[in-house]
Each structure stands twice: as structure tokens, then as C-alpha cells.
Amino acid sequence: MLLDNKLCMKIKILGSAAGGGFPQWNCNCPNCKGLREGTIQAQARTQSSIAISTNGQDWLLINASPDLLKQIRDNPELQPARNIRDTGIAAVLLTDAQVDHVTGLLMLREYARPWPLYTSPSVWEDLSTGFPIVSILSHYCGVEHRALGLDGQPIDGLEFLSDVRMTAVPLKSKAPPYSPNRDKPAVGDNIGLWMENLNSGRSFFMHQAWEIPKSTSPDICVKRMWCWWMARCGKKMK
Ligand SMILES: [Zn+2]
């Protein structure tokens, strides 16, 4: 899905469901059951993830869901086939360390070089200890960690997103159940991403938290939805 051409950014919603997808595999709420039985008008959804590009060739993958391989198959831009081994994904950024946002990294293990991986320091800690996915990946392609600053400064190293200024915004949300931060939150357990197009002045905010700062008022705001929460896809869309 291309959300907004005027933003001069290509924003692909690869998936918009919570952990478990929609219909959630073990859920028989009216929505999940209704979709299976064809009694409601709805669309199956994979677990939440988006990809951003400005040139249509190099994509920043934001969160790597367990459904990533299907999402790549469904979005040919992510597999441009320029070489025998190829991908349109140029780098990966994680907004938190939740299982449904990071497990897809394991599906990217055949990459020919270490993945540029942007995370906050606390997410990196969780993925190095409680759920040591980056340690596992070190036996395959590995990752090149790029720590996200949480001081309001733009993220460095995303030159392939020309004319876009992206900033990590710490948000209040719980760390994953396996994290030592679950009951004592740390700044950076969950971030939103503020993106501004420097040419058009338009902005986009992507987040996974229940609440965002009141001062945040982007042109487009995207939030994942939950299986029982069909309509909530953003507080404001133009
Ligand atoms: Zn359900």
C-alpha cells in the first residue's frame, strides 16, 4: 500500500495486525471467527511491519515480523531481482523488542553481509540477552548495530532515504515479557518514528504504543491494529 505520494516517501504497510495476525490463529472473537466463516467483510492481515523508501529501490524495513517472507513475496519491490541473490531491503530498524517485531530477522539470515540494524540501546540489550537473536544471527550474516539516539537528533546513516529526516521518539509502553525491563521500564523500550520530508514539509509518525505525546501532530499517523479493533488504523489520515 502506498499511503501518500505527496509526502514523496513510499510507505508500504507490509502488515497491520498484532502478534498472531488476523485472524489470530487461536482466536474466535467475532472478527476472527467472522473472517474465517465469511460472515464479515474484512481482510486477513499479517503481523505489523512497514517499509519506507524514497527512490522505490532501497527500503528501510521497520520491524521484522514472523510473516516477513510472505510480506516480501507479496511486495515485489522488496525483491528487485537485479542479481542471483538480491533484496530491496537496505537496512532494518526495530521500534521495540517484541517477538512479533523481531523474529523475522531470523528469516533474513541468508544475507551476504551483516544487516545494518537500528535499535535503541535497551532493545539491543534485550536482543543480546533475554532473546539473543543477534547472537544467533552472528553465526549467519550477522548484524551491524547502529544505536538509535533518543535525544531528538535525526538518525544518521539513512542516506538512501534522501530528503527525509527521521527521528526516534521514546514512547511509554511495556517491554516484552522476557525482558528485565518488563516491570521497570527503560527509556527506549519502545519508540515511535517521526519522519519529515524536507522538501514538502509533510510529516509521518509511526508507532506501536497506546498513546503518543499530545504535541505529536503529523500529517499521517499509522498505528497497528489489534484483531478485535478493526477500524483503528491511525488517528488522522489525509
Ligand atoms: Zn480475534
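1. Confidence. The model is predicted, and its pLDDT averages 87, with 84% of the residues scoring at least 70. Over residues 225–238 the pLDDT falls below 50, although this stretch has 32 contacts in the model beyond near neighbours in sequence. Where pLDDT is low, the predicted coordinates should not be read in detail.

2. Overall composition. The protein has five helices and 10 strands. Of its 238 residues, 41% count as buried. Among contacts between residues at least 6 apart in sequence, 60% join residues at least 24 apart.

3. Nonpolar core. The largest nonpolar core has 48 residues, and those with the most contacts inside it are Ala51, Ile52, Leu60, Ile62 and Val92. Leaving aside neighbours within four places in sequence, isoleucine 52 is in contact with Met9, Ile11, Trp59, Leu60, Ile62 and Leu161. In soluble globular proteins, nonpolar side chains tend to be buried together.

4. Sheet order. Six strands form an open sheet with mixed pairing, in the order E1-E2-E3-E4-E5-E6. Strands E1 (10–15) and E6 (143–147) stand at the edges with a single partner strand each, so one side of each is left without a neighbour in the sheet. From one strand to the next, the twist averages 25°.

5. The antiparallel pairs. E1 pairs with E2 (residues 49–53) in the antiparallel sense over five bridges; lysine 10 has serine 53 in E2 as its bridge partner. E2 and E3 also run antiparallel, joined by three bridges, and isoleucine 52 has leucine 60 in E3 as its bridge partner. The hairpin of E2 and E3 has five residues between the strands, and glycine 56 takes a positive phi near 80° in this hairpin.

6. E3 pairs with E4 (residues 89–93) in the parallel sense over four bridges, and leucine 61 stands opposite valine 92 in E4. Together, E3, H2 and E4 make a right-handed β-α-β unit.

7. Cis peptide bond. The peptide bond from phenylalanine 22 to proline 23 is cis, with omega near 0°. Proline 23 is placed in the loop between E1 and helix H1 (30–37). Most residues other than glycine have a negative phi, and most peptide bonds are trans.

8. Asparagine 63 has a positive phi, near 75°, and lies in the loop between E3 (59–62) and helix H2 (68–74). Aspartate 163 also has a positive phi, near 65°; its place is in the loop between E6 and strand E7 (164–170). Is each of these residues buried or exposed? Asparagine 63 is buried, because 26 other C-beta atoms lie within 10 Å and the cut-off for burial is 20 or more. Aspartate 163 is exposed, because 12 other C-beta atoms lie within 10 Å and the cut-off for exposure is 12 or fewer.

Notes
Residues numbered from 1 in each chain as written. Helix = DSSP H or I, 4+ residues; strand = E, 2+ residues; numbered from the N terminus. Contact = placed C-beta atoms within 7 Å. Core = buried A, V, L, I, M, F, W, Y, C linked by C-beta atoms within 7 Å. Pairing = 2+ DSSP bridges. Axes fitted to C-alpha atoms, helices over the stretch in contact; angles between N-to-C directions. pLDDT = per-residue confidence, 0-100. Right-handed = clockwise from strand over helix to strand, strands pointing away.
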